[in-house]
Every structure is written in structure tokens, then in C-alpha cells.
Amino acid sequence: MRTGADDGVLLGAVGAYDWNGAVLKETSAGKLIPLRESYLKEFPDELKNHAAYLGYTVTSVVSSRQGRVYVAGAPRFNHTGKVILFTMHSNRSLTIHQALRGQQVMKGESGAGTDGRGVPPPTSERETAVLKAAKLSGFQIAIGSYFGSEITSVDINGDGVTDVLLVGAPMYFSEGRERGKVYVYELRQNRFVYNGTLKDSHSYQNARFGSSIASVRDLNQDSFDDVVVGAPLEDNHAGAIYIFHGFRGSILKTPKQETQELLGRLWFGIFFRPLTGTDSSLSRPCFP
Ligand SMILES: [Ca+2]
Ligand SMILES: [Ca+2]
């Protein structure tokens, strides 16, 4: 991800530190690689065997007070997933301004933690069953909602300051299916505050809603930029995309249009990017 006109490119390195992951910045003066200790506050050593995959996604936001702040997702962190917002310093330290944490895949749960504190321990029936099956078979199985595997910042009103941060959890399990979920965080002063989720369809199939999220230019000509969300398994794996309209400083959570796949190709909606050059032109890693 380009970090700005003058200071280089931010990269994710999910395989670093035994798959705990890391970020680094390529600048005209060379690589800036944060010290491992910089992550310990949010990625403590005792959880290092969980393979958090930090850097699976990277992007940035712009706030009026702090300027450009980097964002990185760690979708496997402690099975819940985590997103950090941070600044990198030339002495190889990081200032982590905020951490957003996903949920366990617990039956009947709703809402999201905004700072990761007070989130209950994993007790879901699905997780217990998966772990039991994995133990019996001798395999390690990835579990969790993959919160933070897709992150998009949106400047709804085009003033150069981020209004909304969208975080996808495409493997969020609900109502007996891999439904997926997209969390909405609004920038208020210096912090992103959780403000609900985007609405998907009510079909009872796997969907993986939130596998891809893109900010796009104003589609309905109301002067506010809009958002497109993919659900590649919806409609018996034909896939679907949803269009959500921006409005003033936020995003309307009910889709204005849901488009089913027309060409019969599998997994429609798993990748897309705006055709205009933006900050969200991140590369797609090939990890589970
Ligand atoms: Ca704005
Ligand atoms: Ca619009």
C-alpha cells in the first residue's frame, strides 16, 4: 500500500516471527522494519503460537489531528482477529493508537468490542466441535471469523479525511452458516468508534459477506462516495455484490442494490478494486 506521495510503501509480512506477522515500510532511504518488541502490547508473547497473520491486509486512514495513520489486520489473532491503527517511527518503534478486535464465533452473539477488553472467552458450540474434530484427526484447523482479513477506509464526503473504517469478518458463523459480517467504525475526533454492521441478505446459505470491500466513487450522484461489498458464496456459490451508499459522514447500513452473478462464474465478488487509483490498492495474500 502506498503510504503517501513522499514516504514509500507499507507492506505486510504475515510469515514473519513464526506467522505472527509484521509490517514494514519501503522508503527511498531503505526499509523501515519495526522492532519485534513494538508489537508486544497488542500481540503478547504468550499468544505467539497462534499465528496471528499480522499484515494480511494493510491500508491507512487520515484523521484531521494525526494525519495519516496506518492500519493492519491480523485475522487469526487469538481466533478473534484484530486490527491495529499505528504510526511508524524512524527509530523502528511503533505507536499503536488503537486496536479493534473481532468476536469469537459464538452462537447468538451480536455487537463488537472496540478495544478488545472484556470480550468473553471462546465457548462456541462450533468452535468446541471443530477443535474436538481436529484433535481426533490430528490436524490443525483454522477457526474464527477472520476479522480484519479485509479492511477499507472510506472518505464519504471527499474532504481528504477518513469518515468510516470498514472491517470484514467473512467467516463469521451465524445461523448455522458461514454468513460473514462487515463492521462499521466511524471516526470521532481521534478514534474509531464501533457503530453497527452492514446488512446482508437473509438467505440461509454460506455467503462470506465481507470477503472483499471497496470504496468507490459516487455511484448515485448524490456527492457522497459509496461502498461495494462482495459475498462470493452467496446464491449457491454464484456470488453477489452489495452496494451501500455513503451519506454525510457515514454509510447507510441497508444495501441499495444487491447484484447476483450473471455469468455463472464461481465466487463472483471475491476480488474487486475501484478503477480509480486509491489508497486501497493492496495486494492479496494467498493464505487460508
Ligand atoms: Ca471525509
Ligand atoms: Ca453516493
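Arg208 sits in the loop between strand E14 (191–197) and E15; helices (H or I, at least four residues) and strands (E, at least two) are DSSP runs, numbered from the N terminus. Its phi is near 55°, a positive value in a residue other than glycine. Arg208 counts as buried, because it has 26 C-beta neighbours inside 10 Å. Here "buried" means that 20 or more other C-beta atoms lie within 10 Å of a residue's own, "exposed" means 12 or fewer, and "partly exposed" is in between, with C-beta atoms placed from the backbone.

A word on what you are looking at: this is a predicted model, where local features need pLDDT of at least 70 and side-chain atom pairs count only at pLDDT 80 or more, while totals for chains, interfaces and linings use all residues. Residues are numbered from 1 along each chain as its sequence is written, and chains are lettered from A and ligands numbered from 1 in the order in which they are written.

Another positive phi turns up at Ser223, near 85°, again in a residue other than glycine. Ser223 belongs to the loop between E15 and E16. With 10 other C-beta atoms within 10 Å, Ser223 is exposed.

Now for the whole chain. The protein has 3 helices and 19 strands, and buried residues make up 42% of its 288 residues. Take the contacts between residues at least 6 apart in sequence: 53% of them join residues at least 24 apart. A contact here means that the C-beta atoms of two residues, placed from the backbone, lie within 7 Å.

| Strands | Bridges | One facing pair |
|---|---|---|
| E15 (residues 212–216) and E16 | 5 bridges | Ile213 and Val229 |
| E16 and E17 (residues 240–247) | 6 bridges | Ala231 and Ala240 |
| E7 (residues 82–88) and E8 | 7 bridges | Met88 and Leu94 |

E7 and E8 are part of an open sheet of 4 strands, in the order E5-E6-E7-E8, with antiparallel pairing. Its edge strands, E5 (57–63) and E8 (94–101), each pair on one side only. Neighbouring strands of this sheet are turned by 30° against each other on average, direction ignored; the axes are lines fitted to C-alpha atoms, and angles run from 0 to 180 degrees between N-to-C directions.

What about the inside? The largest nonpolar core has 62 residues, and those with the most contacts inside it are Leu54, Val71, Leu166, Val167 and Val229. Such a core is a set of buried Ala, Val, Leu, Ile, Met, Phe, Trp, Tyr and Cys residues joined through C-beta atoms within 7 Å. Leaving out residues up to four places away in sequence, Leu54 touches several others, among them Val14, Val23, Phe43 and Ala72.

Finally, have a look at Asn236 in helix H3 (residues 234–237). Asn236 counts as exposed, with 11 C-beta neighbours inside 10 Å. Asn236 and Gln205 are 31 residues apart in sequence, and their C-alpha atoms are 7.3 Å apart in space.

Terms used:
Two strands pair if DSSP finds at least two bridges between them.
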